[in-house]
Amino acid sequence: MIKYYNRKKEKYEIENIAGEKILRWTYESPVGKTFLELFIKRKVVSKVYGMYCNSKLSRKKINGFINDFDIDMSRFKNKENEYKSFNEFFTEE
C-alpha cells in the first residue's frame, strides 16, 4: 500500500498499483515466493512478457488499465483501440 497526501483535496489517499493482487500474492504468500524464485526472476520470463506487451494480443490490457487508473483519454492523440500494443499505449509521448 502506498499512501500519499493529495494537496488539492487536503487528505491522504491510497495509490493504485498496477497488478497489485498478483504482486501481493507473489511477495506475501509462501507459494508466490517460491514461484518468484523458481520462475519469475528468470531473464526468459521478462523477455517473453516484453514480447507479449509489444504484440497485438496485449491490446486487451489497455481498457482495463484505463479504467483501473481513471485515465483521461482526451489527453491522448489516439483512441484506446488505435494502439498496436499495450507498450505503444503505455509509452505514448
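Colleague: Which residues do the ring pairs link into a cluster?

Modeller: This is a predicted model, and in it ring pairs join Phe65, Phe69, Phe76, Tyr83, Phe86, Phe89 and Phe90 into a cluster.

Colleague: And how many aromatic pairs does the count come to?

Modeller: The count comes to twelve aromatic pairs. One of them is formed by Trp25 and Phe35, whose ring centres are 6.0 Å apart and whose planes make an angle of 55°, so the pair is classed as tilted.

Colleague: Where do Trp25 and Phe35 lie in the chain?

Modeller: Trp25 belongs to helix α1, residues 20-28, and Phe35 to helix α2, residues 30-40, so that ten residues separate the two and the pair links distant parts of the chain. Trp25 is partly exposed, at 36% relative accessibility, and Phe35 is partly exposed with a relative accessible area of 36%.

Colleague: Is Phe65 buried or exposed?

Modeller: Phe65 counts as buried, because its relative accessibility is 16% and the cut-off for buried is under 20%.

Colleague: Which ring does the charged end of Lys61 sit over?

Modeller: The charged end of Lys61 is placed over the ring of Phe86, 4.9 Å from the ring centre. Elsewhere, the charged end of Lys3 sits over the ring of Tyr12, at 5.7 Å from its centre.

Colleague: Changing topic, at what angle do α1 and α2 pack?

Modeller: The angle between α1 and α2 is about 90°, and their axes are 5 Å apart. The two helices α1 and α2 are therefore roughly perpendicular to each other.

Colleague: Which residues of α1 and α2 meet there?

Modeller: From α1, the residues are Trp25, Thr26, Tyr27 and Glu28, and they meet Pro30, Val31, Gly32, Lys33, Phe35, Leu36 and Ile40 of α2. The residues of this contact of α1 with α2 comprise seven nonpolar, two polar and two charged.

Colleague: One last thing: in which helix does Gly64 lie?

Modeller: Gly64 is part of helix α4, and with a relative accessibility of 33% Gly64 counts as partly exposed. Between the C-alpha atoms of Gly64 and Phe76, which are twelve residues apart along the chain, the separation is 16 Å.

Key
Residues numbered from 1 in each chain as written. Predicted model: local features only at pLDDT ≥ 70, side-chain atom pairs only at ≥ 80, totals over all residues. Heavy atoms only, no water. Phe/Tyr/Trp six-rings, centres within 6.5 Å; stacked < 30°, edge-to-face > 60°. Helix = DSSP H or I, 4+ residues; strand = E, 2+ residues; numbered from the N terminus. Buried < 20%, exposed > 50% of the residue type's maximum accessible area, 1.4 Å probe, protein only. Lys NZ or Arg CZ within 6 Å of the ring centre and 35° of its normal. Axes fitted to C-alpha atoms, helices over the stretch in contact; angles between N-to-C directions. Parallel < 35°, antiparallel > 145°, perpendicular 65-115°, else oblique. Contact = heavy atoms within 4.5 Å. Nonpolar A, V, L, I, M, F, W, Y, C, P; charged D, E, K, R; others polar.
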